[in-house]
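Colleague: I have just opened this entry and would like to be walked through it. Could you start with a term we will need?

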Amino acid sequence: MDGSACLYCGGLQLREVDGFGALRRVTSDGMPFRAGGRLAVCPDCGGVQKLADARWRAETAEIYRAYESYRPAGGVEQAVFDPVSGAPRRRSEVIFAHVTAHAALPEAGRLLDVGCGAGGMLSAVAQAGGGRWSLYGAEIDARTLPFLTAIAGFRELYTGPIEDIPGSFDVITLVHALEHFTDPVALLATLKGKLAPGGMLVIQVPTYCGNVFDLLIADHLLHCSAASLTRLLARAGFVAAVAVPVSLVVTFGGMYLLGYSLNNLSLMAMAIAAGFVVDDAIIVLENVSRHIEAGMSRVDAALRGAREV
(Lines give C-alpha, C1' and ligand atoms only; values in the text may rest on other atoms or scores of the structure.)
Protein backbone atom coordinates (compact mmCIF):
# COMPACT_ATOMS: atom_id res chain seq x y z
CA MET A 1 0.00 0.00 0.00
CA ASP A 2 1.25 3.51 0.81
CA GLY A 3 3.69 2.47 3.54
CA SER A 4 1.24 2.83 6.43
CA ALA A 5 2.25 0.68 9.39
CA CYS A 6 -0.20 -1.47 11.35
CA LEU A 7 -1.14 0.33 14.56
CA TYR A 8 -1.34 -2.99 16.41
CA CYS A 9 1.82 -4.87 15.38
CA GLY A 10 3.82 -2.43 13.25
CA GLY A 11 3.57 -4.59 10.13
CA LEU A 12 3.91 -2.90 6.74
CA GLN A 13 1.64 -5.11 4.62
CA LEU A 14 -1.78 -3.56 5.30
CA ARG A 15 -4.49 -4.59 2.85
CA GLU A 16 -7.17 -2.04 2.04
CA VAL A 17 -10.81 -3.16 1.99
CA ASP A 18 -12.23 -2.59 -1.49
CA GLY A 19 -15.47 -0.63 -1.72
CA PHE A 20 -15.37 0.79 1.79
CA GLY A 21 -15.02 4.34 0.51
CA ALA A 22 -18.48 4.18 -1.09
CA LEU A 23 -20.24 3.71 2.26
CA ARG A 24 -21.88 6.58 4.11
CA ARG A 25 -20.54 7.09 7.61
CA VAL A 26 -21.46 8.59 10.97
CA THR A 27 -19.47 10.53 13.57
CA SER A 28 -18.89 9.21 17.07
CA ASP A 29 -21.25 11.87 18.44
CA GLY A 30 -24.06 10.53 16.27
CA MET A 31 -24.13 12.83 13.25
CA PRO A 32 -24.41 11.66 9.63
CA PHE A 33 -21.16 11.98 7.69
CA ARG A 34 -20.35 11.74 3.99
CA ALA A 35 -19.04 8.62 2.28
CA GLY A 36 -15.31 8.07 2.07
CA GLY A 37 -12.54 6.82 4.29
CA ARG A 38 -10.14 3.92 3.97
CA LEU A 39 -10.35 0.69 5.98
CA ALA A 40 -7.53 -1.83 6.13
CA VAL A 41 -6.70 -5.22 7.65
CA CYS A 42 -3.24 -6.36 8.70
CA PRO A 43 -2.46 -9.85 7.33
CA ASP A 44 0.19 -10.35 10.00
CA CYS A 45 -1.99 -9.85 13.10
CA GLY A 46 -5.54 -9.48 11.76
CA GLY A 47 -5.87 -5.96 13.17
CA VAL A 48 -8.66 -3.85 11.64
CA GLN A 49 -8.03 -0.12 11.35
CA LYS A 50 -8.63 3.01 9.36
CA LEU A 51 -5.69 4.57 7.53
CA ALA A 52 -4.58 7.70 9.35
CA ASP A 53 -3.68 9.55 6.17
CA ALA A 54 -3.98 13.29 5.59
CA ARG A 55 -7.63 12.95 4.55
CA TRP A 56 -8.60 11.05 7.72
CA ARG A 57 -6.82 13.63 9.90
CA ALA A 58 -8.58 16.51 8.13
CA GLU A 59 -11.98 14.83 8.47
CA THR A 60 -11.38 14.09 12.15
CA ALA A 61 -10.40 17.71 12.82
CA GLU A 62 -13.61 18.79 11.06
CA ILE A 63 -15.68 16.44 13.25
CA TYR A 64 -14.04 17.56 16.49
CA ARG A 65 -14.59 21.25 15.79
CA ALA A 66 -18.36 20.72 16.14
CA TYR A 67 -18.26 17.75 18.51
CA GLU A 68 -20.88 17.40 21.26
CA SER A 69 -20.79 14.46 23.66
CA TYR A 70 -23.99 12.37 23.65
CA ARG A 71 -25.52 14.65 21.03
CA PRO A 72 -28.50 12.35 20.17
CA ALA A 73 -29.62 12.38 23.82
CA GLY A 74 -29.20 16.09 24.32
CA GLY A 75 -25.89 15.79 26.16
CA VAL A 76 -27.09 13.07 28.56
CA GLU A 77 -25.01 9.89 28.68
CA GLN A 78 -26.85 6.95 27.18
CA ALA A 79 -28.35 4.27 29.39
CA VAL A 80 -27.42 0.60 29.13
CA PHE A 81 -28.93 -2.41 30.83
CA ASP A 82 -27.08 -3.39 33.99
CA PRO A 83 -25.98 -7.03 33.52
CA VAL A 84 -26.56 -7.69 37.24
CA SER A 85 -29.92 -6.06 37.92
CA GLY A 86 -31.22 -5.75 34.37
CA ALA A 87 -32.26 -2.16 35.09
CA PRO A 88 -31.21 0.72 32.79
CA ARG A 89 -28.29 2.76 34.16
CA ARG A 90 -25.81 5.25 32.77
CA ARG A 91 -23.02 3.45 30.94
CA SER A 92 -20.25 4.93 33.09
CA GLU A 93 -22.04 3.86 36.28
CA VAL A 94 -22.21 0.26 35.02
CA ILE A 95 -18.52 0.29 34.03
CA PHE A 96 -17.30 1.65 37.36
CA ALA A 97 -19.58 -0.71 39.29
CA HIS A 98 -18.03 -3.61 37.35
CA VAL A 99 -14.52 -2.35 38.16
CA THR A 100 -15.22 -1.98 41.87
CA ALA A 101 -16.83 -5.44 41.98
CA HIS A 102 -13.81 -7.16 40.43
CA ALA A 103 -10.86 -5.11 41.68
CA ALA A 104 -9.60 -4.01 45.08
CA LEU A 105 -9.77 -0.25 44.67
CA PRO A 106 -8.81 2.08 47.50
CA GLU A 107 -11.58 4.07 49.15
CA ALA A 108 -9.99 7.27 47.87
CA GLY A 109 -7.27 8.24 45.45
CA ARG A 110 -6.42 10.06 42.26
CA LEU A 111 -8.23 9.18 39.04
CA LEU A 112 -7.51 10.43 35.53
CA ASP A 113 -10.09 10.00 32.76
CA VAL A 114 -8.50 10.33 29.32
CA GLY A 115 -11.04 11.59 26.80
CA CYS A 116 -13.30 12.70 29.64
CA GLY A 117 -15.78 14.64 27.46
CA ALA A 118 -18.50 16.20 29.59
CA GLY A 119 -17.53 14.04 32.58
CA GLY A 120 -19.67 10.91 32.37
CA MET A 121 -17.07 8.64 33.99
CA LEU A 122 -15.86 11.29 36.45
CA SER A 123 -19.44 11.88 37.59
CA ALA A 124 -19.99 8.13 38.09
CA VAL A 125 -16.82 7.88 40.21
CA ALA A 126 -17.79 10.93 42.26
CA GLN A 127 -21.23 9.47 42.92
CA ALA A 128 -19.95 6.00 43.82
CA GLY A 129 -17.04 7.28 45.89
CA GLY A 130 -18.95 9.87 47.87
CA GLY A 131 -16.64 12.66 46.69
CA ARG A 132 -13.55 11.03 48.22
CA TRP A 133 -11.70 10.71 44.91
CA SER A 134 -9.58 13.50 43.41
CA LEU A 135 -10.70 13.58 39.79
CA TYR A 136 -8.78 14.77 36.74
CA GLY A 137 -9.65 14.83 33.05
CA ALA A 138 -7.78 15.00 29.76
CA GLU A 139 -9.33 16.36 26.56
CA ILE A 140 -8.36 18.05 23.30
CA ASP A 141 -9.77 21.39 24.46
CA ALA A 142 -11.57 23.01 27.41
CA ARG A 143 -15.09 23.39 25.99
CA THR A 144 -16.57 20.96 28.57
CA LEU A 145 -14.86 22.57 31.58
CA PRO A 146 -18.11 24.15 32.90
CA PHE A 147 -19.66 20.66 33.16
CA LEU A 148 -16.57 19.18 34.81
CA THR A 149 -16.25 21.83 37.51
CA ALA A 150 -19.73 20.92 38.77
CA ILE A 151 -18.56 17.37 39.64
CA ALA A 152 -17.67 16.73 43.28
CA GLY A 153 -13.95 16.13 43.67
CA PHE A 154 -12.97 17.48 40.25
CA ARG A 155 -9.54 19.07 40.37
CA GLU A 156 -8.19 19.90 36.90
CA LEU A 157 -8.64 19.45 33.16
CA TYR A 158 -5.54 18.88 31.03
CA THR A 159 -5.67 19.84 27.36
CA GLY A 160 -1.99 19.44 26.44
CA PRO A 161 0.06 16.34 25.59
CA ILE A 162 -0.62 13.33 27.82
CA GLU A 163 3.06 13.03 28.69
CA ASP A 164 2.96 16.53 30.23
CA ILE A 165 0.29 15.63 32.81
CA PRO A 166 1.97 15.83 36.23
CA GLY A 167 1.84 13.30 39.03
CA SER A 168 0.73 9.69 39.21
CA PHE A 169 -2.74 8.18 39.48
CA ASP A 170 -4.31 5.23 41.26
CA VAL A 171 -6.75 4.69 38.39
CA ILE A 172 -6.60 5.81 34.76
CA THR A 173 -9.64 5.27 32.56
CA LEU A 174 -10.09 5.34 28.79
CA VAL A 175 -13.76 4.83 27.97
CA HIS A 176 -14.40 4.93 24.23
CA ALA A 177 -11.21 6.95 23.82
CA LEU A 178 -8.34 4.66 22.79
CA GLU A 179 -9.83 4.11 19.32
CA HIS A 180 -9.30 7.80 18.49
CA PHE A 181 -5.51 7.92 19.05
CA THR A 182 -3.07 7.75 16.15
CA ASP A 183 -0.30 6.13 18.22
CA PRO A 184 -2.05 3.84 20.73
CA VAL A 185 1.10 1.99 21.78
CA ALA A 186 2.88 5.21 22.73
CA LEU A 187 -0.23 6.41 24.58
CA LEU A 188 -0.52 3.20 26.61
CA ALA A 189 3.19 3.22 27.42
CA THR A 190 2.91 6.82 28.62
CA LEU A 191 -0.10 6.01 30.80
CA LYS A 192 1.71 2.99 32.22
CA GLY A 193 4.39 5.36 33.49
CA LYS A 194 1.75 7.53 35.16
CA LEU A 195 0.19 4.74 37.20
CA ALA A 196 0.99 4.77 40.90
CA PRO A 197 2.38 1.52 42.36
CA GLY A 198 -0.49 -0.96 42.30
CA GLY A 199 -2.47 1.38 40.03
CA MET A 200 -5.06 0.24 37.50
CA LEU A 201 -5.69 1.08 33.85
CA VAL A 202 -9.34 0.65 32.81
CA ILE A 203 -10.07 0.48 29.08
CA GLN A 204 -13.37 0.11 27.29
CA VAL A 205 -13.49 0.20 23.50
CA PRO A 206 -16.26 -0.54 21.01
CA THR A 207 -15.69 -3.70 19.01
CA TYR A 208 -16.73 -4.47 15.48
CA CYS A 209 -16.97 -8.13 16.55
CA GLY A 210 -20.22 -7.35 18.37
CA ASN A 211 -21.36 -4.39 16.26
CA VAL A 212 -20.13 -4.20 12.66
CA PHE A 213 -21.50 -0.66 12.35
CA ASP A 214 -18.53 0.51 14.43
CA LEU A 215 -16.53 0.29 11.19
CA LEU A 216 -18.61 3.18 9.78
CA ILE A 217 -17.74 5.65 12.56
CA ALA A 218 -15.58 8.10 10.66
CA ASP A 219 -13.36 9.30 13.52
CA HIS A 220 -12.71 5.81 14.98
CA LEU A 221 -9.21 4.83 13.87
CA LEU A 222 -8.92 1.53 15.73
CA HIS A 223 -11.50 -1.25 15.54
CA CYS A 224 -10.41 -3.53 18.34
CA SER A 225 -11.00 -7.15 19.17
CA ALA A 226 -9.88 -8.77 22.43
CA ALA A 227 -6.82 -10.17 20.64
CA SER A 228 -5.78 -6.88 19.04
CA LEU A 229 -6.24 -4.97 22.32
CA THR A 230 -4.09 -7.59 24.05
CA ARG A 231 -1.39 -7.03 21.43
CA LEU A 232 -1.45 -3.25 22.02
CA LEU A 233 -1.09 -3.74 25.78
CA ALA A 234 1.75 -6.21 25.26
CA ARG A 235 3.66 -3.83 22.97
CA ALA A 236 3.19 -1.06 25.56
CA GLY A 237 4.87 -3.21 28.22
CA PHE A 238 1.91 -4.33 30.33
CA VAL A 239 2.46 -8.06 29.74
CA ALA A 240 6.18 -7.87 30.50
CA ALA A 241 5.45 -5.97 33.72
CA VAL A 242 3.63 -9.06 35.02
CA ALA A 243 5.29 -11.98 33.26
CA VAL A 244 8.92 -11.12 34.00
CA PRO A 245 8.67 -10.51 37.79
CA VAL A 246 6.53 -13.62 38.28
CA SER A 247 8.88 -15.81 36.24
CA LEU A 248 11.96 -14.50 38.09
CA VAL A 249 10.40 -15.09 41.51
CA VAL A 250 9.54 -18.67 40.55
CA THR A 251 13.04 -19.18 39.10
CA PHE A 252 14.79 -17.94 42.24
CA GLY A 253 12.56 -20.15 44.35
CA GLY A 254 13.43 -23.18 42.24
CA MET A 255 17.16 -22.37 42.40
CA TYR A 256 16.97 -22.08 46.18
CA LEU A 257 15.20 -25.42 46.58
CA LEU A 258 17.64 -27.17 44.24
CA GLY A 259 20.70 -25.60 45.84
CA TYR A 260 21.89 -23.81 42.69
CA SER A 261 24.24 -20.84 43.06
CA LEU A 262 23.79 -17.41 41.55
CA ASN A 263 26.68 -16.65 39.19
CA ASN A 264 27.41 -15.03 35.84
CA LEU A 265 26.28 -18.09 33.91
CA SER A 266 22.94 -18.40 35.70
CA LEU A 267 22.31 -14.65 35.42
CA MET A 268 22.99 -14.77 31.68
CA ALA A 269 20.64 -17.73 31.31
CA MET A 270 17.86 -15.88 33.15
CA ALA A 271 18.31 -12.80 30.95
CA ILE A 272 17.87 -14.92 27.82
CA ALA A 273 14.98 -16.87 29.30
CA ALA A 274 13.15 -13.66 30.25
CA GLY A 275 12.94 -12.74 26.58
CA PHE A 276 11.35 -16.10 25.78
CA VAL A 277 8.90 -15.66 28.66
CA VAL A 278 7.70 -12.29 27.34
CA ASP A 279 7.34 -13.57 23.76
CA ASP A 280 5.48 -16.69 24.87
CA ALA A 281 3.21 -14.71 27.21
CA ILE A 282 2.16 -12.38 24.38
CA ILE A 283 1.46 -15.28 22.01
CA VAL A 284 -0.53 -17.21 24.63
CA LEU A 285 -2.62 -14.16 25.55
CA GLU A 286 -3.47 -13.46 21.91
CA ASN A 287 -4.34 -17.12 21.36
CA VAL A 288 -6.59 -17.23 24.43
CA SER A 289 -8.32 -14.01 23.35
CA ARG A 290 -8.96 -15.50 19.90
CA HIS A 291 -10.66 -18.57 21.42
CA ILE A 292 -12.81 -16.41 23.73
CA GLU A 293 -13.95 -14.34 20.74
CA ALA A 294 -14.94 -17.62 19.03
CA GLY A 295 -17.32 -18.36 21.94
CA MET A 296 -15.19 -20.58 24.17
CA SER A 297 -15.35 -20.19 27.95
CA ARG A 298 -12.44 -18.42 29.62
CA VAL A 299 -11.18 -21.57 31.38
CA ASP A 300 -11.34 -23.72 28.24
CA ALA A 301 -9.79 -20.93 26.18
CA ALA A 302 -6.89 -20.60 28.66
CA LEU A 303 -6.22 -24.34 28.70
CA ARG A 304 -6.44 -24.77 24.94
CA GLY A 305 -4.57 -21.55 24.16
CA ALA A 306 -1.62 -22.59 26.35
CA ARG A 307 -1.50 -26.12 24.90
CA GLU A 308 -1.38 -24.82 21.33
CA VAL A 309 1.75 -22.71 21.86
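Modeller: Two strands are said to pair if DSSP finds at least two bridges between them, and helices (H or I, at least four residues) and strands (E, at least two) are DSSP runs numbered from the N terminus. This is a predicted model, in which local features need pLDDT of at least 70 and side-chain atom pairs count only at pLDDT 80 or more, while totals for chains, interfaces and linings use all residues. Residues are numbered from 1 along each chain as its sequence is written, and side-chain values use heavy atoms, with hydrogens and water left out.

Colleague: Okay, which residue in strand 13 is the bridge partner of Gln49?

Modeller: The partner of Gln49 there is Leu222. Strand 5, residues 48-50, pairs with strand 13 in the antiparallel sense over two bridges.

Colleague: And what is the order of strands in that open sheet?

Modeller: The order is 1-4-5-13, four strands with antiparallel pairing. Strand 1 (15-16) and strand 13 (222-223) are the edge strands, each pairing on one side only.

Colleague: Stepping back, how many helices and strands does the protein chain have?

Modeller: The protein chain has nine helices and 13 strands. Buried residues, meaning those under 20% relative accessible area with a 1.4 Å probe and protein chains only (exposed is over 50%, partly exposed in between), make up 40% of its 309 residues.

Colleague: Which residues have the most contacts inside the largest nonpolar core?

Modeller: They are Leu112, Ile172, Leu174, Leu178, Leu191 and Leu201, in a core of 34 residues. A nonpolar core is a set of buried Ala, Val, Leu, Ile, Met, Phe, Trp, Tyr and Cys residues joined through side-chain atoms within 4.5 Å. Among the elements giving two or more residues to this core are strand 8 (110-114), strand 9 (134-138) and helix 5 (184-193), and helix 5 provides the largest share, four residues. There is also a second, separate core of 18 residues, which includes Cys116, Leu122, Leu157 and Val175.

Colleague: What does Leu174 touch?

Modeller: Leaving out residues up to four places away in sequence, Leu174 touches Asp113, Val114, Leu187, Leu191, Leu201, Val202, Ile203 and Gln204, where contact means heavy atoms within 4.5 Å.

Colleague: Is strand 8 mostly covered or mostly open?

Modeller: Strand 8 is mostly covered, with four of its five residues buried. Strand 8 runs parallel to strand 9, and five bridges join them; Asp113 stands opposite Gly137 in strand 9.

Colleague: New topic: why does Arg24 count as exposed?

Modeller: Arg24 counts as exposed because its relative accessibility is 68%. Arg24 lies in the loop between strand 1 and strand 2 (25-26), and, its neighbours within four places in sequence aside, Arg24 is in contact with Phe33, Ala35 and Leu216. Arg24 and Leu216 are 192 residues apart in sequence, yet their C-alpha atoms are 7.4 Å apart in space.

Colleague: Last one, which residues line the largest cavity?

Modeller: The lining consists of Gly37, Arg38, Lys50, Leu51, Asp53, Arg55, Trp56 and Glu59. A cavity is a set of points, on a 1 Å grid over the protein atoms alone, where a 1.4 Å probe fits but cannot get out, and lining residues have an atom within 4 Å of a point. About 50 Å³ of space lies in the largest cavity, and helix 1 (residues 54-65) gives the largest share of its lining, three residues.

Notes: 1 Å grid on protein atoms, 1.4 Å probe; cavity = no way out; pocket = protein on both sides within 12 Å on 5 of 7 lines; lining within 4 Å. Points joined across faces, edges and corners; volume = space filled by probe spheres on them.
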